[in-house]
Amino acid sequence: MNLHAQCQQQLLQDFPQGKALLLGLSGGLDSMVLLHLLAKVCRENNAFSLRAIHIHHGLSPNADAWLAHCAKECANLGVPFRAEKVTLDKNGNIEAKARQARYQAVAKQMSAQEIFVTAHHQDDQVETFFLALKRGSGLKGLSAMARFSTLNGVNIYRPLLNFGRASLENYARAENLSWVNDESNEDLHYERNFLRHGVLPILHSRWTHFAQAVCRSAQLCAEQEELISELLQEKFQHLIKPSGQLNLKDFAHYSPAQQNALLRLWFKKLAQPMPSQKQLHQLKQDVIFAKPDRKPQFQLAQKILRRYQDDLYLTPIYQDVSQFQKNLKVGQKLILPDNLGEVLLQEEGEMWHFFWQGEQGFVQKTTLKQKVLPTLGFHYQGKILLPNGQHESLKKYWQKLQVPPWQRKRIPLIFIKGELYSVLVNDKSSPIR
């Protein structure tokens, strides 16, 4: 069976009812082969549709020529084509930044019905396995790439994982395809290139079926990882809360191996990169098992892990908004800092209404009983007068409502003539006099 027939068989097996496909097209040999294969499938089966997207990183002097090549080939095949240009910070791990930028651009362009298709093949799978091995990864990392996965919110499909690059090269020559060559693929500074050109050829020359054996090991790791997940699901569902935090009340009763596995399940559910063994150990030591009176936190990539009472939270890295203070005007929206949403003051008869559309998407409302333009801020220290006539510190007020400390600093406060008038907590308006 030739490559086209095998690819078509794979697509029909994975999508018996057809599918809308969005192909990531770099212009290299792998993606050009997949472009032609998928275009043939779509011509032969109307249940499939195809369009292509090219991400222009601007890292190579040839980037414009690659874009033009992709556009031309798609036009020749009648495949709708779109190009997206991204700007990268060239400091640090440029490979990781380019990958993140690609998927962010793809996510913006995908429709809900589409799945993103990439040309990763068997040789890529072997390289991914070895990179995971170099990092000291566990079963999850050594599973390498799956035919179906999700990354940065993008659903990904890899139909060529069972085919080696040699098969793709033979197809490209037989079909007289043209493709571009990325000069960075020869730069041994990049770890994947070092493996591709300096290490794996030696192994392949010694063991002919080495690639197939590595892929089989990756598949076995994936199966073991799936089995562990299934066996721990009951415990995990007992720990996970509807709002996403992980309950730690009984966490110390589990063995260290179960603790690590449960934490990995949590990161997977939250669609976060897997922490290393060292990071998991530090997370447990510095945050999970810290003394109850502490307010521990641990940074992992661009997120912060925090513990409050018996729960573990994963939050963004928040900006300090304590100095923010703005006067509200009737009918004018005020955009809050650090993605905290927007507020609006509206007049209705003898009353003014204050609306906050917060970072969680809900709308909160409080009513002003006096027509003095209020000020909005986030910082207040001191006691408050509650509706029941009692005075209490705002800190104790938050504690009673079980609001985590970091959230307390991000809740809008309404001031009238310098006096705290109202706060908004969760989905309830809480007037303070």
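Trainee: Why is the crossing of H2 and H7 called left-handed?

Mentor: A crossing is left-handed if the near helix is turned anticlockwise from the far one by less than a right angle, and right-handed if clockwise. H2 passes H7 in that left-handed way. Do keep in mind that this is a predicted model, where local features need pLDDT of at least 70, side-chain atom pairs count only at pLDDT 80 or more, and totals for chains, interfaces and linings use all residues. Residues are numbered from 1 along each chain as its sequence is written, and side-chain values use heavy atoms, without hydrogens and water.

Trainee: What angle do helices H2 and H7 make?

Mentor: H2 (residues 29–44) packs against H7 (residues 165–174) at about 65°, and their axes are 10 Å apart. That angle makes H2 roughly perpendicular to H7, because 65 to 115 degrees counts as roughly perpendicular (under 35 is roughly parallel, over 145 roughly antiparallel, the rest oblique). The axes are lines fitted to C-alpha atoms, for helices over the stretch in contact, with angles from 0 to 180 degrees between N-to-C directions.

Trainee: Which residues of H2 and H7 meet?

Mentor: Leu29, Asp30, Val33, His36, Leu37 and Lys40 in H2 meet Arg165, Leu168, Glu169, Tyr171 and Ala172 in H7; contact means heavy atoms within 4.5 Å. By class, six of the residues in the contact of H2 with H7 are nonpolar, one is polar and four are charged.

Trainee: How do H10 and H11 cross?

Mentor: The axes of H10 (residues 256–269) and H11 come within 11 Å and cross at roughly 100°. That makes H10 roughly perpendicular to H11. Among the residues in contact are Pro256 and Phe267 of H10, with Leu280 and Ile288 of H11. This contact of H10 with H11 has six nonpolar, three polar and two charged residues.

Trainee: Where does H11 lie?

Mentor: H11 (residues 277–288) lies across E8, E9 and E10 (311–316), at about 155° to E8. Those strands belong to an open, antiparallel sheet of four, ordered E7-E10-E9-E8.

Trainee: What makes E7 and E8 edge strands?

Mentor: E7 (246–247) and E8 (297–300) each pair on one side only. Two strands pair if DSSP finds at least two bridges between them, and E8 and E9 (residues 303–308) have four, in the antiparallel sense. Here glutamine 297 stands opposite arginine 306 in E9.

Trainee: How many helices and strands does the protein have?

Mentor: There are 13 helices and 21 strands, which are DSSP runs numbered from the N terminus (helices: H or I, at least four residues; strands: E, at least two).

Notes: Ala, Val, Leu, Ile, Met, Phe, Trp, Tyr, Cys and Pro count as nonpolar, Asp, Glu, Lys and Arg as charged, and the others, Gly among them, as polar.
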